[in-house]
Amino acid sequence: MPIAHVCPEESWGAGKVDEKRRHPRTEVNEPGYVSSGGSVMHCTIVNISSEGAAIEVENPAFVPHRFRLMMARDASVVYECQVIWSKKTRIGLSFVTTA
C-alpha cells in the first residue's frame, strides 16, 4: 500500500512570516526616513501594518534601536519605532505607543 506524502509547507502555510502577526502587513515599497538624534537616513518602507513595518536601509548598523519613521510622501505621518529584528539590509519594526 503506497504511503501518501503530505508537504507541511502546503498544508500549514509554513514559511509565511505573517502567521505570527495579529495584523496583516500591506506591501507598500515607498520611500521613507529614519530619524533619530538630529540625523536622518533614507529608507524604503517595504510593508506596514497598524503595529509595525519592515524597512530596507543601505547600512543597518547606523539604525538605532529606537527612532522615528517618516513617510516621504507625507512628512506629517510619523511613527515611533523600535527594532524587533534585522536581517542583512531589512529591519523589522514595532510601533511604540507613547502615553
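The model is predicted; local features need pLDDT of at least 70, side-chain atom pairs count only at pLDDT 80 or more, and totals for chains, interfaces and linings use all residues. Residues are numbered from 1 along each chain as its sequence is written, and side-chain values use heavy atoms, with hydrogens and water left out.

The chain contains one helix and six strands. Helices (H or I, at least four residues) and strands (E, at least two) are DSSP runs, numbered from the N terminus. Their order from the N terminus is α-β-β-β-β-β-β. Of the 99 residues, 28% are buried. Buried means under 20% relative accessible area, exposed over 50%, and partly exposed in between (1.4 Å probe, protein chains only). The accessible surface of the chain is about 7100 Å², and carbon and sulfur atoms hold 54% of that surface. Among contacts (heavy atoms within 4.5 Å) with a separation of 6 or more, 42% join residues 24 or more positions apart.

Strand β6 (residues 90-95) pairs with β3 (residues 52-56) in the antiparallel sense, through five bridges. Pairing requires at least two DSSP bridges between two strands. Strand β6 is also antiparallel to β5 (residues 78-87), over six bridges. In this second pairing, W85 has G92 of β6 as its bridge partner. A hairpin is formed by β5 and β6, with two residues between them. K88 in the turn has a positive phi of about 55°.

The largest nonpolar core has 17 residues. Such a core is a set of buried Ala, Val, Leu, Ile, Met, Phe, Trp, Tyr and Cys residues joined through side-chain atoms within 4.5 Å. I55, V63, F67, L69 and L93 have the most contacts inside this core. At least two residues come from each of β2 (39-48), β3, β4 (66-71), β5 and β6. The most come from β2, which gives four. Leaving out residues up to four places away in sequence, L93 touches several residues, including I55, F67, L69, C81 and V83. R25 is also among the residues that L93 touches.

R25 lies in the loop between α1 (8-12) and β1 (26-36). This arginine is buried, at 18% relative accessible area. The side chains of R25 and N47 are joined by a polar contact of 2.9 Å. A polar contact is a pair of N or O atoms within 3.5 Å; within protein, one must be able to donate a hydrogen and the other to accept it, and residues adjacent in sequence count only if both atoms are side-chain atoms. A polar atom of the R25 side chain also lies 3.4 Å from the backbone oxygen of A53.

The whole structure holds three salt bridges. Each is a side-chain nitrogen of Lys or Arg within 4 Å of a carboxyl oxygen of Asp or Glu. E30 pairs with R73, with the closest N and O atoms 2.4 Å apart. The two are 43 residues apart, E30 in β1 and R73 in the loop between β4 and β5. R73 is exposed, at 60% relative accessibility. E56 and R90 form a salt bridge at 2.7 Å between the closest N and O atoms. This pair links β3 to β6 across 34 residues. E56 also stands opposite R90 in β6. E56 is partly exposed at 25%, as is R90 at 31%. E80 and R68 meet at 2.5 Å, N to O.

Key
Accessible areas come from the Shrake-Rupley method with a 1.4 Å probe; for residues, only the protein chains shown count as cover.
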